[in-house]
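Hi everyone, thanks for coming. Please take a moment with the sequence and the structure, and then we will walk through one part together.

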Amino acid sequence: MAGFRLQSSGLRALRPVAFGADPSGERMARIRRSPHFEDGVFQNPGGIARIRPSGSTRDLAKIYLDKESRSRRAPKGAVPLHPTTLADISRPPATGLRLTWMGHSSVLAEIDGHRVLFDPVWGERCSPFPFAGPKRLHPVPLPLAALGPVDVVVISHDHYDHLDLPTIKALAGTDTLFAVPLGVGAHLEHWGVSADRLRELDWHETTKVGGLTLTATPARHFCGRGLRNTQHTLWASWVVAGEEHRIYHSGDTGYFEGFKDIGADHGPFDATMIQVGAYSDYWPDIHMTPEEGVRSHLDLQGGDPAGVLLPIHWGTFNLAPHPWAEPGEWMADAADAVGQAVAFPRPGEPFEPAGELPTEPWWRALSAPVARHWTSAGSRGAAPAVQAAPPVEGDLDLAGDR
């Protein structure tokens, strides 16, 4: 059976290679020494975060069998991709900083003469299996090889929609470095990345790549890829600082007060890439709404609208009950309410935060009107009449339409 291997014990179940590997040896000893590892697991900032969704099985069945709700969770046509070419991203950015959103949380950042690739997912499904699981709602904007050389690949955590086996295997054949949270290196070594190409960090640790300083910063989320979720791999947000520019990638996170500390220590930022999709009232601790995304950006910037916010983690995979286009609409309203500049590129569209921003609401042509069930005051708002929770990202939910 392709993609499976027998565990050394011989009697354990066949394990997909995509599950990765559990930390062991010196890596596990380092994890145990982490100040963020307690009672056998990594701990979230601000206390316990609920990582299992609430809601009944009946609610789950209602939302996923309801024909109208189901249809609103995907675009009504082909997502317009920007026809980016290698030539487009080979020319140095005029301002020294350029971002290209590839969909979901994958972003190519060209910063002060270096190239950083965040959470690259080029696979067709975010799943351990090629035949089941959440499938792409649009193709990748351009082939991975068309990106050209990348100085460092940055991974936020080990969920399938952020750490993709086919993509990592392709990148393992290059000479790029990998910056990952503590413990995640076990997966990459298992998939063929040599240990000397790994920069494995705990929160608040830094590493240098050329003229860049990369810092792993806290996030409020969780980890896991297999049937047993040991919570032995860390999740992180990331700060990347060059000679002239600073950027921030949130990874996946719930809102927490720590954004203010990150901003005070490392900001302000020329651009932030903030997770604003796959939220639900059923898992408020581990994903942010667009309004919370705007609030986190303001925290990172010292309280004032500044820099550019790039919404990520939406539009590419169906991972939550909310309508497909809702994150874009809600983000546009929430940012406008406080005067915050937001970029809405089509997948694959490069832009420079200091230049003209892409702001057209391109998703509207592919979506039914989105009900404004949120409030301008900035709460999560009243939930739709029926909103149930699917299994969360790290579990093996294989529903093909998510």
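V107 stands opposite F118 in strand 7. That strand covers residues 114-118, and strand 6 pairs with it in the antiparallel sense over five bridges; two strands pair if DSSP finds at least two bridges between them. Helices (H or I, at least four residues) and strands (E, at least two) are DSSP runs, numbered from the N terminus.

Before going on, this is a predicted model, where local features need pLDDT of at least 70, side-chain atom pairs count only at pLDDT 80 or more, and totals for chains, interfaces and linings use all residues. Residues are numbered from 1 along each chain as its sequence is written, and side-chain values use heavy atoms, with hydrogens and water left out.

Back to our pair: strand 6 and strand 7 form a hairpin with two residues between them, and D112 in the turn has a positive phi of about 50°.

What lies on the other side of the sequence? Strand 5 (residues 97-103) is joined to strand 6 by six bridges, and the two run antiparallel. Here T100 stands opposite L108. Buried means under 20% relative accessible area, exposed over 50%, and partly exposed in between (1.4 Å probe, protein chains only). In a regular strand, side chains alternate between the two faces of the sheet. In strand 6, S106, L108 and E110 point one way, while V107, A109 and I111 point the other way.
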